[in-house]
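We'll go stop by stop, with something to pick at each one.

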Amino acid sequence: CSSDLSMAPHTLAMALNSPNGWQRDPAQRLLVDGSKTNTIPELERLARRARLPQVRVQALATLDGLGHVSDKVLITALADAHPAVRQHAVRLAEPELRSGKASPKLITSLLDHVEDPHPNVRYQLAFTLGEWSDPKAAHALARLAMRGSDDPDQQAAIATSLRPHAASFLQDRKS
């Protein structure tokens with residue numbers, strides 16, 4: 001990918017669909033810096049269907065940089081086979097949780113990851129739940145704590161998210 005600012009937005013979006021990070025990175029920068037919102041449908045397609053997980057993650061990151069991460073795309077990414085895609089989707093859900101605008105489907109998809117088989121996804125979820133003021137976050141943190149009781153990194157992530165949920169968390173831990 002050349003750093004030619006005159007490249008067509010569609011060409012830049014297609015440049016993300018490469019195994020070569022040296023090609024993807026400048027394409028992403030040009031799309032975000034140029035506010036190429038007309039590429040959103042193509043970026044959403046890449047986030048859902050690109051063959052390589054690193055392309056799916058970078059498409060999600062580009063959508064985030066453009067301020068256009070939809071619940072539909074996040075829910076699909078949360079169901080992705082690759083843990084790095086799921087982990088990134090959990091992180092990208094934080095603003096929705098913080099604002100209280102997360103859809104019930106997105107919340108359900110996020111909370112399902114308390115049982116995610118990959119520790120990195122659960123680790124990110126522990127941090128993300130600290131951004132959510134709903135009492136369900138405390139319950140999910142308690143479940144994560146029980147599941148990852150032998151993982152000091154998981155316990156540290158949970159501890160950083162407890163402040164707004166301490167009372168509810170302690171109640172859940174007792175039951």
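Before selecting anything, a word on helix geometry: axes are lines fitted to C-alpha atoms, for helices over the stretch in contact, and angles run from 0 to 180 degrees between N-to-C directions. Helices (H or I, at least four residues) and strands (E, at least two) are DSSP runs, numbered from the N terminus. Keep in mind that this is a predicted model, where local features need pLDDT of at least 70, side-chain atom pairs count only at pLDDT 80 or more, and totals for chains, interfaces and linings use all residues. Residues are numbered from 1 along each chain as its sequence is written, and side-chain values use heavy atoms, with hydrogens and water left out.

**The whole chain**

Start with a cartoon view: the protein has 12 helices and 0 strands. Of its 175 residues, 45% count as buried (buried is under 20% relative accessible area, exposed over 50%, partly exposed in between, with a 1.4 Å probe and protein chains only). Take the contacts (heavy atoms within 4.5 Å) between residues at least 6 apart in sequence, and 64% of them join residues at least 24 apart.

**Select 40-49: helix H3**

Show the side chains of Ile 40, Glu 42, Leu 43, Leu 46 and Ala 47, the buried residues of H3. They cover an arc of only 160 degrees around the axis, which puts them on the same side of H3; the arc is that of the directions from the helix axis to the C-beta atoms. Now bring in the cover over the buried residues, which includes H1 (9-15), H2 (21-33), H4 and H5.

**Select 53-65 and 83-92: H4 and H6**

H4 and H6 pack at about 15 degrees, with their axes 9 Å apart. That makes H4 roughly parallel to H6 (angles under 35 degrees count as roughly parallel, over 145 as roughly antiparallel, 65 to 115 as roughly perpendicular and the rest as oblique). On the H4 side, pick out Pro 53, Arg 56, Val 57, Leu 60, Ala 61 and Asp 64; they make the contact with Ala 84, Val 85, His 88, Arg 91 and Leu 92 of H6.

Stay on Arg 56 for a moment. Is this residue buried or exposed? It is buried, with a relative accessible area of 9%. Setting aside neighbours within four places in sequence, its contacts include Leu 46, Ala 47, Asp 80 and Val 85.

**Select 71-78: helix H5**

Here the buried residues are Asp 71, Val 73, Leu 74, Ala 77 and Leu 78. Look down the axis of H5 and they fall within an arc of 160 degrees, so they line one face of the helix. Among the helices covering them are H3, H4, H7 (94-99) and H8.

Hop over to Ser 109, in H8 (residues 104-111). Ser 109 is buried at 15% relative accessible area, and beyond its neighbours within four places in sequence it contacts Ile 75 and Leu 78.

**Select 119-129 and 152-161: H9 and H11**

Last stop: H9 and H11 pack at an angle of about 15 degrees, with axes 7 Å apart. They are therefore roughly parallel to each other. For the contact, show residues including Tyr 123 and Phe 127 in H9, and Ala 157 and Ile 158 among those in H11.
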